[in-house]
Structures are given as structure tokens and as C-alpha cells.
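Good morning, everyone, and thank you for making the time. Before I start, please bring up the sequence and the structure so that we can look at them together.

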Amino acid sequence: MKHIFIFLISFAAMAATAMPVTPSHDDQVLQILPTRLMPSKERIALLNANAAWRAAPLDLDAINTLARLYIEQTRETTDPRYLGYALALLSPWANKADVPLRIRFVRATIAQRNHQFDVALNELNLILKQDPNQSEAWLMRATIEQVQGNYAAARNSCSKLYDFAALMVGMVCTAQVDGLSGKAQQAIQRLDALLNLRQAGLTTDIRQWMLLTRIDLAQRLGREDQVANGFKTLLAAEKVSPETKAAYTDWLLAHRRYQEVINFAAQDLRDDGLLLRLAIAESALHSPSAQNHIDLLKDRYAAGHLRGDRVHLREEARFTLELLKQAKAALTLAEANWNVQREPADARILLAAALAAGEPEKALPVKNWLQQSGIQETSLRQQALAIRGIKS
Amino acid sequence: MKKLILWIVLSLSAATAWAHKPSDSYLALTLEKDKPKAQLEIALRDLDFAIGLDRNGDGQITWYELRQAQSLIQSYVFSRLDITANGQACGPSVQKLMFNEHVDGGYAVLMLDLNCGKAQAPYSINYRLFFDVDRLHRSVVTYKNIDANSTVVLSADKREVSFATGVSAWKQWLNFVHEGIGHIGMGFDHILFLLSLLLPAVMILQDRCWQPAVSFREVFLDTAGIVTAFTVAHSLTLTLAVYHVISLPSRWVESLIALSVIVAALNNLYPLIHRRRWLLTFAFGLIHGFGFASVLAELGLGQRSLLLSISGFNIGVELGQLLIVLAFLPLAFFFRKRPVYLYLALRTGSVAIIGIAGIWLFERVLNLQILPALGT
């Protein structure tokens with residue numbers, strides 16, 4: 001009863017914070033549309049793909065092209081609305097049992113993007129049952145299994161890629177899994193060999209993927225100068241992915257280079273991941289704009305909760321622990337997050353929250369994971385010694 | 001193929017990449033004095049994507065453009081939103097178009113009047129905006145009916161919701177009665193206070209010695225006096241406190257309540273007043289009333305009527321009280337002549353009560369917890 005009361009109060013408070021107004025001037029700009037901020041090449045591509053789709057809404061090629069463009073937008077801008085647009089394209093198959101493989105694949109991509117890993121895996125398994133030669137499906141399966149900390153399965157899925165022409169992709173895939181299961185050394189060597197070999201033939205995206213993976217591996221082995229160089233290369237590219245930006249700011253934060261985080265992250269506040277790191281840096285420097293950004297983030301997470309989404313638990317746990325300093329609430333979030341995904345960053349926040357909340361035994365799953373994976377994460381292992389139970 | 005693969009893999013790291021917000025609208029259905037009103041907040045982005053708002057194609061939506069689009073927005077919304085009252089369709093009309101901001105940008109706010117004729121609750125909503133262009137769109141629907149508050153999220157897979165009739169005034173009142181009984185049942189300090197006063201009700205004070213009372217009539221009158229005094233006193237202060245006429249810090253109140261129990265029990269051991277116990281009861285009853293008020297506040301008073309909540313709660317307390325008296329009095333009257341009553345119940349019992357209340361007083365004054373939470 002008390003909980004309902006508290007919920008109502010907080011909801012009322014949230015709802016009460018913004019009241020409708022009547023704008024005073026006709027010229028007052030109420031909203032800037034995303035197309036305005038989009039490079040014209042992309043905008044035109046979207047327009048054309050949209051037109052093609054409208055002309056043939058059930059044409060699989062048209063759907064695929066447009067869906068991919070939408071998903072690409074989400075990937076680049078972290079704007080999740082495009083996923084909804086993509087999913088809408090698949091509406092004709094919403095409640096059907098007989099679904100074309102390509103449609104299933106788009107569904108899996110969207111689900112995976114929304115951290116609905118079980119849904120995604122389900123779709124992927126249905127695809128692979130019907131056609132075991134779908135290498136993209138194997139790759140996505142590998143990456144999901146990796147995120148879930150299921151390294152044996154991930155390695156198996158990666159190995160399927162060697163059977164097809166995607167040999168190189170398979171090798172990078174395996175390198176990633178190796179990096180998470182105690183074989184970072186070999187993985188880095190293999191990646192270096194690949195990079196040297198295929199320098200010219202690599203597309204930007206693949207190259208970025210390999211470089212980011214390599215940075216990850218170098219971090220795991222503690223080779224800081226290689227990490228720094230890696231980031232320098234990646235950041236010099238024309239387009240820097242949100243993943244790279246997040247990894248870079250995390251690395252800066254770990255080295256307490258707060259001002260650099262602020263300089264770098266202040267560019268685009270729409271990216272919540274970047275905003276979080278910015279707020280952490282500002283908070284560390286006691287910057288006056290920290291509180292404003294903390295409030296912004298609080299509103300964003302609250303809006304997500306209101307909607308019923310639980311997509312970004314890791315970030316929210318980190319926010320709750322490091323900025324709101326609410327260890328117990330952070331622990332609940334971190335535990336819920338661990339149920340969904342088990343990457344090193346997820347382990348890190350669970351461990352930190354458990355220790356901060358004075359409940360180290362809650363981080364036992366992290367200790368298990370460290371042991372079973374064999375992952376080379378010295379700082380995590382050191383912290384995990386504080387947990388009683390299994391000896392590491 | 002490579003490009004295809006890439007955006008798959010890179011999409012995977014959704015773990016770190018997120019921002020903005022998926023599409024939401026906010027629909028509030030409120031009933032004021034049984035007159036239904038709705039307020040629908042829709043993201044300008046979503047509206048533009050669905051029906052186009054940007055007349056001059058400059059990638060910005062101005063207030064002018066929004067106003068110009070009102071009839072277009074209206075027809076879009078009204079063709080995709082059904083609100084019914086008791087099965088009868090409510091005809092919506094836009095009373096006002098306004099603007100609001102949420103975390104992901106600007107929203108058009110439609111203040112709607114609903115013409116449901118004579119029909120009233122239960123209300124239903126069928127919502128179909130945007131799902132055909134954005135399948136992850138959701139609508140956060142809040143329903144406010146005096147004391148009933150609920151929030152439901154509608155989506156492409158759940159487009160309809162019905163709101164049960166609000167809890168009737170009668171049922172609400174009964175709830176408070178229930179709470180009142182429960183509170184005195186769980187409020188050991190109140191119980192012990194009453195018991196301390198009731199213990200000597202079956203006795204007479206003669207030459208500073210306890211003697212069993214003669215007639216049930218005098219016992220009854222004495223008890224009635226106590227109960228009435230307690231009732232009147234706590235009702236008085238409960239009402240005053242709930243209406244914020246008087247406010248006392250709760251630590252004081254709780255401490256004084258503990259003290260009242262001690263005094264009442266002490267009076268059994270060193271009887272200073274006997275037949276005028278109702279005065280003592282009245283005086284301390286005033287304090288207990290403040291104690292009840294804080295419980296009532298915690299329950300969340302309905303907006304409709306504080307009087308409803310107070311009267312219900314109070315009657316609950318009286319009923320609870322009555323139950324205690326009915327349970328205790330016949331037994332006490334039966335055993336009053338036995339020495340065990342004088343020594344065990346009255347004397348030893350009072351000492352025990354003083355002991356417990358003493359610990360409560362210590363706890364409450366110093367804000368500690370020693371005994372398991374029994375007293376309030």
C-alpha cells in the first residue's frame with residue numbers, strides 16, 4: 001500500500017514538472033526534425049527507399065532496404081524511434097507463423113537492439129533451422145551469446161562462419177570470444193595479422209569493428225599505449241560510432257581524465273550513454289552543470305520506466321550508483337541487468353554495486369563468471385577477492 | 001554481405017549505445033465532478049512522421065505550423081481514438097491546442113472535452129495512433145477518478161483498456177473503518193492504555209484499598225465513562241490534526257502516549273483518582289488522537305472527503321475499542337472477587353504494563369528501537 005502511495009507521489013511529481021503552455025509567437029520553433037540534422041546523402045537514401053516501399057509494401061527487397069536504413073540510423077544516432085519504424089514495416093507478418101527468413105532476420109536485429117535477447121535468439125534459431133547456411137544469423141547468434149556470457153556457444157557459432165565465405169568475419173568473431181575467455185594474447189596476434197594482411201581490402205565499418213575489438217583486447221592485457229593509439233586512429237575516422245565514443249570516454253574516466261571527457265562528450269547530449277559519462281566527469285570535477293545533466297538523465301530513465309522499458313539497466317545502474325549514490329537501488333538494477341547480459345561492464349557494475357551496498361555475496365555470480373570464463377580482467381579479479389564463496 | 005554483417009555486429013553493442021527515447025504519447029483521462037476530460041500529448045516528431053507538419057519544409061516545426069495543422073491533427077486523432085463511457089461512445093472535441101516539452105522534444109497538447117451524454121463509468125479507451133508507422137509506439141494512459149488513480153501502457157499489442165468504476169464512497173468508508181479497527185488492534189500502546197484504565201473498573205476504592213465492585217451497573221457506568229471520554233477526546237484531536245488545525249511533532253506525541261500508559265497503570269498501583277478516571281482518560285485521549293492522525297495520514301486520505309476518511313477511521317477505532325471492552329469486561333467482572341484478580345491482573349499486570357510502556361518511552365524519546373515493533 002505504501003509502495004503504491006510512493007509511486008503515485010513520484011508519478012505526480014514527474015507529471016507535475018512540465019505543464020502545457022501556449023507559445024507566444026508564431027515563429028517560435030517547437031521542434032527540430034531529425035531529417036534536418038541528417039546528412040543529405042542519408043536523407044535522400046531514406047526518401048528513395050521510403051518511396052520504393054510505399055509503391056510495394058510487401059516487396060521483401062524494398063522492406064529490407066528501408067529497414068536496414070532505419071536500423072543504420074539507430075546505430076549511428078542512438079535514436080530508438082527508427083527501430084519502431086523498421087518494425088512497422090514488418091506488420092503484415094506480425095501474427096503469422098509463416099514468415100520469410102529476411103523478415104525474421106530484421107525482427108531479430110530489432111529485438112537484439114532492444115536487449116530482448118531471448119526473442120532475438122528465438123528468431124535466429126527459427127532461421128537457422130530452416131536454412132543453416134545463413135551466416136549473418138550465425139554471426140548475430142554468436143554476438144548475442146557472447147553478450148550473455150555463453151562463450152562456449154559463442155565460439156561454436158563463430159566457427160560456423162568459417163564454413164562460409166565469411167572467413168575473416170569468423171576470425172574476428174572468434175578473436176572477440178577468445179578475448180573474453182582468457183586467450184586475449186592469441187586473439188590480438190590474430191587480429192594484427194588480419195589487419196596487416198587485408199589493410200586495403202577492408203571496408204570502413206569492418207575495420208572499425210576490428211580496431212574496436214583490438215582496443216578491447218589491448219585493454220584486457222593492460223597495454224595502455226596500444227589502447228591510446230587505437231582510439232586515436234578510430235577517432236580520426238569520418239564517422240565515429242556511439243560504441244567507440246562510449247568506450248573512449250570510459251577509458252578516459254578510468255584514467256581520471258575528466259576534462260577530456262567533458263570536452264569530448266559535450267558535443268551531443270542526445271546520446272544518453274555519452275551524457276552519462278559526461279555527468280560522471282562533471283561530477284568528479286564538481287562542475288556546476290553536473291546537476292543539470294543528472295536531472296536530465298533522471299528524467300530520461302523515468303520516461304523509460306513509465307513506458308515499461310527496461311533496456312538500459314546497465315547504464316541506469318551505473319547512474320544510480322555513481323551519481324545518485326544509491327547503492328541498494330543500483331544493486332537491484334545491476335542484478336536485473338545481469339539476468340539479461342553478462343559482459344565485463346555488466347560484471348563491473350554488479351560488483352561495484354554489491355560492494356557499495358555492503359552485500360558482497362550478491363556479486364557471487366560475477367565471481368563464478370570470472371572463474372568459468374577465465375577472462376583476463378585483473379582489476380575485477382582483485383575486487384572479486386572481497387567476495388566470499390568460491391576461491392578465485 | 002560484409003556491410004550487412006557489419007551493421008549486425010555493431011548493432012550488437014546496443015549495450016552501450018542508446019539515447020533519445022522511443023515514441024510515447026501521454027493520455028490523461030480525468031473525471032472532475034463526474035465530467036470527463038482528456039488531455040493527449042503527442043510528440044511533434046511522431047505527428048510530422050505520420051501526417052506531416054512541416055509546411056515550409058525547413059526541418060522545423062513552428063507554433064504557426066502546428067496551429068495550421070490543427071484540423072489535420074484532429075481528424076487523425078479522432079479516427080484512431082475511441083473513448084467510451086459505459087459502452088456509449090464519447091464525442092471528443094478539441095477545447096484547446098497547447099504545447100509541452102518532454103525529454104525527447106516538443107509535444108502537441110490536445111485538451112479534449114468529452115461528450116458522453118448521460119453515460120458515465122466504466123470508461124474504456126481504444127487507442128490506435130501511430131502503430132502502423134511506428135510499431136514500438138506506446139501510450140501512457142492515466143486515469144484519475146477522485147480517489148482512483150491508475151496508469152496503463154497501451155501498445156501495438158494492447159490497444160484497449162477499461163477502467164473499473166472507481167471505488168464507491170461506501171466501500172471507501174468501509175476501508176477506513178477496517179483500518180481503524182486494525183489500527184487499534186495493532187496499536188498495543190492504545191490497547192494497554194485502555195486496559196490500564198479498565199482493570200480497576202470492576203473494583204471500588206475503599207479507604208485506599210481495592211474492593212470488588214458490587215453491581216454490574218456501576219461497572220458499566222464507569223466503563224462507559226472511560227470509553228466515551230476516550231472516544232470524544234481522540235476524535236477531537238484526530239479531526240483537528242487531520243485538518244491541520246493543530247500539528248504536533250510525532251516523536252513528542254508517541255512519547256506522551258507511552259507516558260499516558262505509564263500514568264494510567266501507575267494510577268492502579270497508587271490510586272489517586274478512581275471514579276474520575278474519565279477525566280484522565282479524556283486528557284490523555286487527546287494525545288492518542290494525534291497518534292491516530294499520523295496513521296491516517298500514512299494511509300493516504302482521499303481527496304473527496306477528509307470527513308469520510310476521519311469518520312470511517314474513527315468509527316473503526318470505536319468498534320475496535322468496543323471489541324476490547326467486550327472481550328475484557330465480562331471476564332474481569334467474573335473474576336473480580338478472586339484474589340488472583342487483584343494481585344495478578346491489577347497489581348502485577350499494571351507493573352508489567354509500566355515496564356513495557358517505560359521501555360517505549362525510552363525508545364521514543366531517544367529514537368531507538370529495543371522492543372520489536374509492537375506499539376504502533
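I will go through a pair of helices in chain B, then a helix in chain A, and then a residue in another helix of chain A.

Please keep in mind throughout that what we have here is a predicted model.

Let me begin in chain B, where helix α2, residues 44–51, packs with helix α4, residues 70–78, at an angle of about 85° and with the axes 11 Å apart. The two helices, α2(B) and α4(B), are therefore roughly perpendicular to each other. On the α2(B) side the contact is made by B:Leu47, B:Ala50 and B:Ile51, while α4(B) contributes B:Leu72, B:Ile73 and B:Tyr76. Of the residues in this contact of α2(B) with α4(B), six are nonpolar, with no polar and no charged ones.

Turning to chain A, helix α17 covers residues 290–307, and its 18 residues reach 26 Å from the first C-alpha to the last, which is close to the 26 Å expected at 1.5 Å a residue. Its buried residues include A:His293, A:Leu297, A:Arg300 and A:Tyr301. Just after α17(A) comes A:Gly308, which takes a positive phi of about 95°.

Finally, I would like to look at A:Thr213, which is found in helix α12 of chain A, residues 204–220. Is A:Thr213 buried or exposed? With a relative accessible area of 5%, A:Thr213 is buried, because buried means under 20%. A polar atom of the A:Thr213 side chain lies 2.7 Å from the backbone oxygen of A:Trp209. Leaving aside neighbours within four places in sequence, A:Thr213 is in contact with A:Val172, A:Gln176 and A:Leu191.

Terms used. Residues are numbered from 1 along each chain as its sequence is written. Chains are lettered from A and ligands numbered from 1 in the order in which they are written. This is a predicted model: local features need pLDDT of at least 70, side-chain atom pairs count only at pLDDT 80 or more; totals for chains, interfaces and linings use all residues. Side-chain values use heavy atoms; hydrogens and water are left out. Axes are lines fitted to C-alpha atoms, for helices over the stretch in contact, and angles run from 0 to 180 degrees between N-to-C directions. Helices (H or I, at least four residues) and strands (E, at least two) are DSSP runs, numbered from the N terminus. Angles under 35 degrees count as roughly parallel, over 145 as roughly antiparallel, 65 to 115 as roughly perpendicular and the rest as oblique. Contact means heavy atoms within 4.5 Å. Ala, Val, Leu, Ile, Met, Phe, Trp, Tyr, Cys and Pro count as nonpolar, Asp, Glu, Lys and Arg as charged, and the others, Gly among them, as polar. The expected span of a helix is 1.5 Å times one less than its number of residues. Buried means under 20% relative accessible area, exposed over 50%, partly exposed in between (1.4 Å probe, protein chains only). A polar contact is a pair of N or O atoms within 3.5 Å; within protein, one must be able to donate a hydrogen and the other to accept it, and residues adjacent in sequence count only if both atoms are side-chain atoms.
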